[in-house]
Amino acid sequence: MVDFPLHWLSHATLDARWQPWPAVRRVARPFIISLAVTVTGYLFLLLTPLPILQQTAVFSSAAVISTFLFTRLLLPALFNHWRPRPTPGLMPLLDNLRHGIRGAGERIRHTPLLAILLLAVAGSGLYLSNWQDDIRNWVNTPQPLLTQAMEVGRLTGIEPTSQYFIVQAADQESLLQTEQRLSARLDALIAQGQLRNYRAISQWINPPSEQQALKATLATLSQQPQAWRALRALGVPDSALRAELKRRQAQPVLTIEQSLRGTLAEPWRALWLGPDEQGRPSSMITMNGLQDPAVLAALMQNMPGVTLVDQRSHINTLFAQTRLEAIILKLLSYTVGFLILYRVFGTRPALRILLVPLSASITVMSLSGLIGMPLNLFCIFGLLLVTAIGIDYAVYAYTPALPAEEKAAGIFMTSVTTMITFGLLYFSSTPAVATFGLSVVLGVLCNVIYTFWYMRAFLTPESEP
């Protein structure tokens with residue numbers, strides 16, 4: 001947002017005769033072109049399913065349009081009585097920057113071996129780039145809190161997890177039987193070392209049919225005194241054993257709700273979800289110490305009524321799909337941007353302008369692979385911003401009506417303020433935010449380098465050969 005006013009003010013750093021209204025008229029054309037291409041690129045994000053990208057499109061477009069209108073219509077009036085003070089050391093600094101980039105580019109251009117080496121390094125960086133779409137990178141939990149949570153999980157045997165099963169059936173009998181079948185498969189995972197333990201209501205209460213069978217077994221035991229031999233040896237009277245067996249047989253068959261009323265049922269109470277809208281009972285099976293969530297999908301084969309809920313994997317998959325869609329839409333926005341630039345400048349200038357942000361984006365992805373910086377959806381946000389800034393620099397540099405010194409000063413000032421602003425995000429303790437800040441800083445730096453190289457003919461003063 002600050003780029004428009006800084007480009008407009010850039011000539012004031014070089015010439016004390018700068019006037020606000022003539023200056024805003026000189027930059028009106030590149031501002032309108034940059035605005036059209038940038039807003040078009042952002043509006044393509046409205047086609048993505050993720051609300052955060054849709055919000056990015058709306059708010060970014062509104063902010064850029066508002067800044068353009070403010071700079072074009074109101075800001076000059078606020079500077080009517082302001083007297084510019086040129087910065088003496090700015091021109092030598094810009095000359096050194098321009099000559100350094102031009103010299104490095106010429107050496108690469110005239111040294112095929114060096115050019116091939118740089119391309120190989122860039123290709124290696126792209127190959128090594130690591131895209132991570134993990135929701136855990138979006139938050140930063142303090143380490144003491146994580147340590148406490150792990151200790152609580154170790155002591156209680158209950159660990160927070162984002163993977164669990166939802167079981168639904170026609171009645172409680174079928175529900176508990178389904179849980180028992182699924183529990184048998186989870187027991188196999190425990191034997192393989194893939195799972196530490198799990199918790200299911202069927203561990204606490206048997207299906208009604210098994211409760212009835214148990215009562216029948218107790219009735220049989222009451223007629224078989226030889227079965228009491230061990231208890232009789234401990235001194236338990238036969239009368240007490242018969243009375244206990246009789247009491248157990250007289251107990252009613254318990255429903256799940258009735259069994260969960262006691263104090264000892266507390267660990268299982270949260271697993272009972274009750275009946276759904278159709279009256280079907282539902283329950284949950286939680287897991288602790290799961291090594292590989294990928295093994296859970298196979299457990300659900302031939303298990304009707306069982307649903308695996310894996311929120312983290314679902315969100316991560318959504319992030320990956322949205323990232324891919326954002327990249328595709330961004331490439332489409334390049335096509336639309338080319339059409340806009342083609343109508344204004346022609347084919348070759350349009351391609352040269354788009355080459356600046358495209359080269360910067362590819363370089364950022366390559367550098368991320370070389371320095372081991374993971375890429376995620378936040379990096380796409382950063383590259384979207386890098387693209388808008390790169391087009392802004394290139395269009396501004398290509399405008400022939402502006403003096404070369406003014407264009408160089410404007411690009412330099414806007415890039416410095418942008419890198420300072422987003423560079424501070426690198427110190428965020430949240431990994432995704434830090435990655436976003438670093439990707440923008442690297443992208444803006446690359447935009448400056450490529451603009452001064454690709455547009456060197458338009459950024460070189462006429463007095464300089």
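## A hairpin in the sheet

Strands E3 and E4 form a hairpin, with 5 residues between them. Gly279 sits in the turn and has a positive phi of about 85°. The model is a predicted one. E3 covers residues 272-275, and it pairs with E4 in the antiparallel sense over 3 bridges. Within this pairing, Gly274 stands opposite Ser282 in E4.

E4 runs over residues 281-288. Is this strand mostly covered or mostly open? It is mostly covered: 7 of its 8 residues are buried.

E4 also pairs with strand E1, residues 163-168. These two strands run antiparallel and are joined by 5 bridges. Ile166 stands opposite Met284 in E4. Strand E2, residues 197-199, pairs with E4 too. That pairing is antiparallel and has 3 bridges. Here Arg199 stands opposite Thr286 in E4.

## Helix H17 against H18

Now to the helices. H17 spans residues 377-398, and H18 spans residues 404-423. They pack at an angle of about 165°, with their axes 9 Å apart. An angle over 145 degrees counts as roughly antiparallel, so H17 is roughly antiparallel to H18. Their crossing is right-handed.

Which residues make the contact? H17 supplies Leu385, Ile389, Tyr393, Tyr396 and Ala397. From H18 come Glu406, Lys407, Gly410, Ile411, Thr414, Ser415, Thr418 and Phe422. By class, the contact has 7 nonpolar, 4 polar and 2 charged residues.

## Helix H17 against H19

H17 also meets H19, which covers residues 431-454. The two axes come within 8 Å and cross at roughly 20°. Angles under 35 degrees count as roughly parallel, so H17 is roughly parallel to H19. H17 passes H19 in a right-handed crossing.

On the H17 side, the contact residues include Phe378, Phe381, Leu385, Ile389 and Tyr393. On the H19 side, they include Val433, Phe436, Val440, Val444 and Val448. The contact has 15 nonpolar residues, 7 polar residues and no charged ones. Leu385, Ile389, Tyr393 and Ala397 of H17 take part in this contact, and they also take part in the contact with H18.

## Helix H6 against H16

H6 covers residues 112-128, and H16 covers residues 347-371. How do these two helices pack? Their angle is about 70°, and their axes are 7 Å apart. Angles from 65 to 115 degrees count as roughly perpendicular, so H6 is roughly perpendicular to H16.

H6 brings Val121, Ala122, Gly125, Leu126 and Leu128 to the meeting. They meet Ile362, Met365, Ser366, Gly369 and Leu370 in H16. The classes split into 7 nonpolar, 3 polar and no charged residues.

## Ala12, a loop residue

Ala12 lies in the loop between helix H1 (3-9) and helix H2 (20-26). Is Ala12 buried or exposed? Buried means under 20% relative accessible area. Ala12 has 3% relative accessibility, so it counts as buried.

What does Ala12 touch? Leaving out residues up to four places away in sequence, Ala12 touches Trp18, Trp82, Pro84, Arg85 and Pro86. Thr87 is 75 residues from Ala12 in sequence. In space, their C-alpha atoms are 8.8 Å apart.

Technical notes:
Residues numbered from 1 in each chain as written. Predicted model: local features only at pLDDT ≥ 70, side-chain atom pairs only at ≥ 80, totals over all residues. Heavy atoms only, no water. Axes fitted to C-alpha atoms, helices over the stretch in contact; angles between N-to-C directions. Helix = DSSP H or I, 4+ residues; strand = E, 2+ residues; numbered from the N terminus. Left-handed = near helix turned anticlockwise from the far one by under 90°. Contact = heavy atoms within 4.5 Å. Nonpolar A, V, L, I, M, F, W, Y, C, P; charged D, E, K, R; others polar. Buried < 20%, exposed > 50% of the residue type's maximum accessible area, 1.4 Å probe, protein only. Pairing = 2+ DSSP bridges.
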